[in-house]
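Welcome, and please take a moment with the sequence and the structure below. This briefing walks through a sheet, its packing and a helix.

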Amino acid sequence: MAKVVVVGGGAAGLSAAYYLHRAAPHLHITLLEAEARLGGKITTVAEQGFVLEGGPDAVVRYKPWAVALMQQLGLENQIIGTQPAHPSALIHDGREALPIPAGLQMVIPGDLGALARSPLLSPFGKARAALDLLLPRGTPEDEPFGAFIERRLGRQVWERLVAPLSGGIYGGDPYELSTLAAFPQLKALEQQHGSLIRGAMQQRKERGSREKGQLFASLRGGLGSLVAALQTQLGAVEIRLNTTVAALERAKQWRVHTAQGALEADVLILATPAGVSGNLLEPHHRQAASALRQIPYGASSTVTFAFANEKLPPRVGHGMLMAAHRGFSVRGFTWVDQKWPGRAPEGYGLVRAYFSGLEASPSELAQLALHDLARLWGQAPEPLHTWVFHWPQGLPRYTVGHQERVAQALKAEELPGLFLAGAAYQGVGLPEVIRMGQAVAERVLAYIDAHVQDGAPVR
């Protein structure tokens, strides 16, 4: 029987183990996780009638891999959408909170009328954005995302619209993102249509009646229900928590060294952060290890407060984003009880702040969030409960050159029986990470069919 060891019990490792076990239940699969729980940054808290997320709080429906996995796990009846709200969110420009223009395609205006009516931009900002319709097509080469948007649509659109919308997706400064790695669809719009707005308008026209349902989805009990369901379905997979991999050895098979002993594996899946994978692979593939360690990471944090509703001012929609360079510490707030049904007891509200790229202690993060709330509301009421989650290296940063670094990193898979998975490579969102876990599982099965017989590698 072929032996597979999966290192890392976050979304990538869990999905890889699940799809492997589902397709080939006879495989001997061991899942190693350094922490005391599975799920990585998927962290749902359910206490005193509150349900809140420490990490991701939703998946997007147009990237179908997460919703498809939920359905396969029998969670279809637990899938929920956001509660009705118009507008769904506001952006604070430093002086006041204003609605996001209608008709956005991803982060690009696709409705010229809505853009013209939007108070979010000045008349000059709107005229500069419309200039995108006349500017010549740029080169297809990579460039910082902020520079790309400013080149096409101007600084106001970047600071007041696109930076707030994109700032919570990746770690660090959204200006520095690689356009080709993080938003390749937008680069393609420019190349195909010569204009981002023209391309967004065409996309909006083509979608038309196909744009049914809601953009975001979650589970009634929170995304932690997905982790619990995956763990239940893993069946005979051996799960070892609190198990850190110290070193890897390669002979005829892989030998995985941990403080609890060593394991033999025909196939090894590293679903760990890029730097961890790089350190483990240094003795075996220095070029890939170096590239892995060069993928930068940024801090990621959330602070959630419970308030009595009577203490809260009126809140519009599902939340509020902050324009760039306007003195806010938080990237945005979510009014959790207004976004999702059943997340707070009657008479209470949940407010979640999220930070990206900020290193601070839990108490400092909570104070910064309250300070920004006080700026929005005049004063911030005393919270009844506070939950803080902080990951110092929480999110990979897809900076310019990311695709080249990933290409070099994936050369590690030249090593027999080695596969890489995770948020560092082809998308940080939960759907993309699940997709990569599934793709790795399919490749592992093909490798085993071709190279492993009766539990021994074919040489």
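Predicted model: local features only at pLDDT ≥ 70, side-chain atom pairs only at ≥ 80, totals over all residues.

**The open sheet**
- Five strands form an open sheet in the order β12-β2-β1-β16-β22, and their pairing is parallel.
- At the edges sit β12 (238–240) and β22 (418–420), each of which pairs on one side only.
- On average, and with direction ignored, neighbouring strands of this sheet are turned by 15 degrees against each other.
- Strands β1 (residues 3–7) and β16 (residues 267–270) run parallel and are joined by four bridges.
- V4 has V267 in β16 as its bridge partner.

**A helix on the sheet**
- Helix α1 (residues 11–23) packs on the sheet, where it touches β1, β2 (28–32) and β16.
- The direction of α1 makes about 170 degrees with that of β2.

**Helix α17 and L445**
- Buried residues of α17 include L430, P431, V433, I434, M436, V440, V444 and I448.
- Also among the buried residues of this helix are E432, G437, A441 and Y447.
- Leaving out residues up to four places away in sequence, L445 touches L20, A23, A24 and L27.
- L445 and L20 are 425 residues apart along the chain, yet 7.4 Å separates their C-alpha atoms.

Notes. Residues numbered from 1 in each chain as written. Heavy atoms only, no water. Pairing = 2+ DSSP bridges. Helix = DSSP H or I, 4+ residues; strand = E, 2+ residues; numbered from the N terminus. Axes fitted to C-alpha atoms, helices over the stretch in contact; angles between N-to-C directions. Contact = heavy atoms within 4.5 Å. Buried < 20%, exposed > 50% of the residue type's maximum accessible area, 1.4 Å probe, protein only.
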